[in-house]
Amino acid sequence: MSDLEALLREPPSDMPDDGFTAKVVSRIAEARIRRARNEALVMGAGVAAALALLPFTDFGKMLQQQVLSLDTSLPVALTLAALVFSAAALQALRD
Amino acid sequence: MDERALVAQAVASHDAAAFAGLVRLHQGKLRALLLRLTRGDRALSDDLAQETFLEAFRKIAQYRGDGKFASWLYSIAYSRLLMEARRRKLEAIDDAPEQTLDPAPEIKLDLERAMEKLSLAERAALTMCFAYGYSHEEAAKILNLPLGTLKSHVARGRDRLDAMLRLPDERKIA
């Protein structure tokens, strides 16, 4: 083996950890939270879109008639509850 | 827990704690490799090392265990380094200066300084084949290069280093 090859076979010195592993673990945790939020937002958007389209479907129209025939205050209460729930969910996601 | 068990646990359950064990095991060598390949740019090499581990964690299910875990990491790291070099157009990383001899011939260059004068591919090929002990075939796979190209980088890099590290008296004889 030549002198050069002997020199080349010496690997570069290992770097000390210096908190590197902790940084990677913290970034993995951040990435997981970000992914969970994104998934929740996509799911929320999907549910909102489905709800928005519901009145235009046969099932939605049938449901509307059923609810309206029960009590006029019920649809209003349900709508308000849905709005409050959505606002709370969005706020939680933003936090 | 040994590496095999950590890999198995990280693959099976996408377990961040098991993966942290793998980071602890491999960060020293991976960061040292990237530091050499980036010509001593500590900030860039650490960023790339972090991105490498994050990508490895995302893709851990794709690791089939048919090679060393370190080889898989180095492969991700080198591909990230190439992307970064292209994105930033980092001539400092990728270009091989035309000059092969030390401008001050009376000073013998040490290996790290001499390595900095090689191209990225030459530095990577030499480090993989000599310092990290991979065969030409394994190194070609890690660096995603055809075997012949890898061998050319090794031969050319070795010749250039040989010329740079030779003492002035030896140059005269040669």
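In this predicted model, Glu55(B) is buried, with a relative accessible area of 11%. Its side chain meets that of Lys59(B) in a salt bridge, at 2.8 Å from N to O. Lys59(B) counts as partly exposed, at 32% relative accessibility. The value for Glu55(B) lies under the 20% cut-off, so Glu55(B) is classed as buried. Lys59(B), at 32%, falls between the limits of 20% and 50% and is therefore classed as partly exposed.

The pair belongs to a network of salt bridges. Its members are Arg27(A), Glu51(B), Glu55(B), Lys59(B) and Arg80(B). One member, Arg27(A), comes from chain A, and the others named here come from chain B. Side chains of opposite charge can pair when their charged atoms come close.

A further salt bridge joins the side chains of Asp46(B) and Arg42(B), with an N to O distance of 3.8 Å. Both residues lie in helix H3 of chain B. They are four residues apart, which is about one turn of the helix. Asp46(B) is buried, at a relative accessible area of 14%. Arg42(B) is partly exposed, at 40%. Arg42(B) also forms a salt bridge with Asp18(A). There the closest N and O atoms are 3.7 Å apart.

Glu122(B) and Arg160(B) form another salt bridge, their closest N and O atoms being 2.9 Å apart. Glu122(B) lies in helix H7 of chain B and Arg160(B) in helix H9 of chain B, so this pair ties together parts that are 38 residues apart in sequence. Both Glu122(B) and Arg160(B) are buried. Over all chains, the count comes to 15 salt bridges.

The interface between the two chains was examined next. Here 32 residues of chain B are in contact with 22 residues of chain A. The size of an interface is often given as the accessible area lost when the parts come together. Between chain B and chain A, the buried area is about 2,600 Å². Carbon and sulfur atoms give 67% of this area. Nine residue pairs are in polar contact between the chains, both residues having pLDDT of 80 or more. Four salt bridges are counted between chain B and chain A.

Several helices of chain B build the side that touches chain A. Helix H2 (16-37), helix H3 (42-58), helix H6 (111-115), helix H7 (120-131) and helix H9 (147-165) each supply at least two residues. H2(B) gives the most, with 12 residues. By class, this side of chain B has 19 nonpolar, four polar and nine charged residues.

Chain A itself has four helices and zero strands. Read along the sequence, its pattern is α-α-α-α. Chain A has 95 residues, of which 13% count as buried. Its accessible surface comes to about 7,200 Å². Carbon and sulfur atoms account for 67% of that surface.

How values were computed: Residues numbered from 1 in each chain as written. Chains lettered and ligands numbered in written order. Predicted model: local features only at pLDDT ≥ 70, side-chain atom pairs only at ≥ 80, totals over all residues. Heavy atoms only, no water. Buried < 20%, exposed > 50% of the residue type's maximum accessible area, 1.4 Å probe, protein only. Areas by Shrake-Rupley, 256 points an atom, 1.4 Å probe, with all protein chains shown as cover. Contact = heavy atoms within 4.5 Å. Buried area = accessible area lost by both parts, 1.4 Å probe. Polar contact = N/O pair within 3.5 Å; in protein donor to acceptor, adjacent residues only side chain to side chain. Nonpolar A, V, L, I, M, F, W, Y, C, P; charged D, E, K, R; others polar.
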